[in-house]
Amino acid sequence: MVYDAWEIAALKSMKETATEEKQLAIERGDVTEGMPFFSVVADGSWAQRSYKTNDSSLSGMVRSFVL
């Protein structure tokens with residue numbers, strides 16, 4: 001379905017970006033005990049939506065990668 005294709009594309013994009021950020025952290029020397037460090041900012045949820053109603057999302061969203 002569309003959702004599955006969207007999720008696969010989003011995960012691929014996030015993993016590619018994380019891999020690039022990992023390499024940049026290594027090049028900058030931002031490594032502690034062999035682990036590269038970099039900041040990640042992501043927003044993959046829709047906390048509030050209003051279509052003439054007051055509907056709030058009750059679920060969160062978390063994805064993590066170990067590279």
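## Terms and model

Buried means under 20% relative accessible area, exposed over 50%, and partly exposed in between (1.4 Å probe, protein chains only). This is a predicted model, where local features need pLDDT of at least 70, side-chain atom pairs count only at pLDDT 80 or more, and totals for chains, interfaces and linings use all residues. Residues are numbered from 1 along each chain as its sequence is written, and side-chain values use heavy atoms, leaving out hydrogens and water.

## Fold and surface

The protein chain holds one helix and four strands. Helices (H or I, at least four residues) and strands (E, at least two) are DSSP runs, numbered from the N terminus. Their order along the sequence is α-β-β-β-β.

Of the 67 residues in the protein chain, 4% are buried. The chain exposes about 6200 Å², by the Shrake-Rupley method with a 1.4 Å probe. Carbon and sulfur atoms supply 57% of that area.

## Helix 1

Helix 1 covers residues 2-28, 27 residues in total. From first C-alpha to last it reaches 39 Å, close to the 39 Å expected at 1.5 Å a residue. The expected span is 1.5 Å times one less than the number of residues. Just after helix 1, G29 has a positive phi of about 85 degrees.

## Salt bridges

The count is two salt bridges (a side-chain nitrogen of Lys or Arg within 4 Å of a carboxyl oxygen of Asp or Glu). E16 pairs with K12 at 4.0 Å, N to O. Both lie in helix 1, four residues apart, about one turn of the helix. E16 is partly exposed at 47% relative accessibility; K12 is exposed at 55%.

D30 pairs with R28, their closest N and O atoms 2.8 Å apart. D30 is partly exposed, at 32%. R28 is partly exposed too, at 47%.
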